[in-house]
Amino acid sequence: MREPDASQFKKPREDMVVSVCFSDLAANPGTFAALRDVAATLDRAFRFREIILVVDDTQRETFLPLIAEVPNCRLFVVRRRTEYYDRRVIAAEEAIGDLVVIGNLDEIAQIDLIAFLDHAERENAVTMAFRAVRRPVKRLLAWPFIALGKLAGFYVDPSDFQSIAVPRTLLNLLLEHDEPRLALRFPPRDPRLQLDWFRTDRNVAARTAFMGLTRRVQLLQTLLVYLTPTILTLVTISSTILTLLGMAYVAWIVGAVLLVDQLASGWLTTNAMLAVSAVFMGMSTLGLSLGLQHLLKQQRRLKGGIVPEEVNRIDLFHQVAFDLNVELESDVRAGPAGPD
């Protein structure tokens, strides 16, 4: 008879709440079994935890039995074509844990989730999972994104795992970023945010270099959009130079008219049109770029309206009261009245 492992009798931690979020789920039995395994793993290590699921409105009915079965599981229903990065933001904003994992279910199955959480807590850092051994094709395809990420101020590498573990304080900083969609996937280069990596030797077998091309295109578009202020600054500088050159061209034409006795036929008309066109185009582009920069600075990120419904079965405080055998005042009032 084999002696039981001492870890089986280890008491779950009671000093924190852990949130594990998933935003890209397929409605199939494999997904449901994997989510049950995640819940069981968390329950063995933490007394208080929640699992947040963000799914399409077309999948709502399929996930309801899982919500009824797994305690402290919250379901957020979004419109069908809500972007992947927007879903991650929704999950992060709704999480209440002291430690939050925004994960990919296939990746979580390949890493030690508890060790992942412990690493983020111990280092007090934004922790990303990665696999050191990578295919050459993936390395080649990642370079354009890495270059754009450096220009935009993010640690971008599409080859890294999508799963990220964040302490609550650092999660608030990520959500306050100008582009939280990118910040929650690729941490920004910010001295306030300590970044660390959790190494794993296992890989997602079903994932190839050419999977998720639509998501890669969305990432490229998001990076280019985030670079808009930098691009507008370059446009402002170039349009200013064009305006100054146009004015200098006008001055040269006026000087030629005053100093040259006889000009070639049509020279004055042609050059005057070129000078006026250069000044007009430069000033117009300058005005538009400055106006757009002003609007970008004044613009505030709009929130809400994306999640029309939440379904959950969670009551952490009642669980604490029950375990501690505490009688709530509301229960006393609701009880039968005693004799006078």
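Which side chain meets Glu61 in a salt bridge? It is Arg60, with N and O 2.6 Å apart. The model shown in these views is predicted.

**View 1. Glu61 and Arg60 form a salt bridge.** The two partners differ in cover. Glu61 is exposed, at 54% relative accessibility. Arg60 is partly exposed, at 22%. Side chains of opposite charge can pair when their charged atoms come close. A search of the whole structure finds 15 salt bridges.

**View 2. A salt bridge joins Arg74 to Glu50.** Their closest N and O atoms are 3.0 Å apart. Arg74 lies in strand β3 (residues 73-78) and Glu50 in strand β2 (residues 46-56), so the pair ties together parts that are 24 residues apart in sequence. Buried or exposed? Arg74 is buried, with a relative accessible area of 8%. Glu50 is buried too, at 0%.

**View 3. Arg181 forms a salt bridge with Glu83.** The closest N and O atoms of this pair are 3.2 Å apart. Arg181 belongs to helix α8 (residues 180-183), while Glu83 sits in the loop between β3 and α3 (84-94), so the contact ties together parts that are 98 residues apart in sequence. Glu83 is partly exposed, with a relative accessible area of 24%. The contact belongs to a network: salt bridges with shared partners join Glu83, Asp86, Glu179 and Arg181.

**View 4. Strand β4 (residues 99-103) is mostly covered.** Five of its five residues are buried. Which residues lie on each face of β4? On one side are Leu99, Val101 and Gly103. On the other are Val100 and Ile102. Both faces are covered.

**View 5. Strand β4 pairs with β1 and with β6.** Strand β1 (residues 13-22) runs parallel to β4, and five bridges join the two. In this pairing, Ser19 has Val100 of β4 as its bridge partner. Strand β6 (residues 164-167) pairs with β4 in the antiparallel sense, over four bridges. Here Val101 stands opposite Ala165 of β6.

**View 6. The model holds five aromatic pairs, among them Tyr84 with Tyr85.** The ring centres of Tyr84 and Tyr85 are 5.3 Å apart. Their planes meet at 70°, so the pair is edge-to-face. Both partners are covered. Tyr84 is buried, at 8% relative accessibility. Tyr85 is buried as well, at 5%.

**View 7. Tyr249 and Trp252 make a stacked pair.** Their ring centres are 5.8 Å apart, with the planes at 25°. Tyr249 is partly exposed, with a relative accessible area of 24%. Ring pairs link Tyr249, Trp252 and Trp267 into a cluster.

**View 8. A nonpolar patch lies on the surface.** Which residues form the patch? They are Val250, Val254, Leu258, Leu259 and Val260. Together they have about 480 Å² of accessible area. Val254 lies in helix α10. Val254 is partly exposed, with a relative accessible area of 45%.

**View 9. Arg189 lies over the face of Tyr155.** The distance to the ring centre of Tyr155 is 4.2 Å.

Technical notes. Residues are numbered from 1 along each chain as its sequence is written. This is a predicted model: local features need pLDDT of at least 70, side-chain atom pairs count only at pLDDT 80 or more; totals for chains, interfaces and linings use all residues. Side-chain values use heavy atoms; hydrogens and water are left out. Rings of Phe, Tyr and Trp (its six-membered ring) pair if their centres lie within 6.5 Å; planes under 30 degrees apart count as stacked, over 60 as edge-to-face and the rest as tilted. Buried means under 20% relative accessible area, exposed over 50%, partly exposed in between (1.4 Å probe, protein chains only). A charge sits over a ring if NZ of Lys or CZ of Arg is within 6 Å of the ring centre and within 35 degrees of the ring normal. Two strands pair if DSSP finds at least two bridges between them. Patches are made of residues with over 30% relative accessible area and no salt bridge: like charges are joined within 9 Å, nonpolar side chains (Val, Leu, Ile, Met, Phe, Trp, Tyr) within 5 Å. Accessible areas come from the Shrake-Rupley method with a 1.4 Å probe; for residues, only the protein chains shown count as cover. A salt bridge is a side-chain nitrogen of Lys or Arg within 4 Å of a carboxyl oxygen of Asp or Glu.
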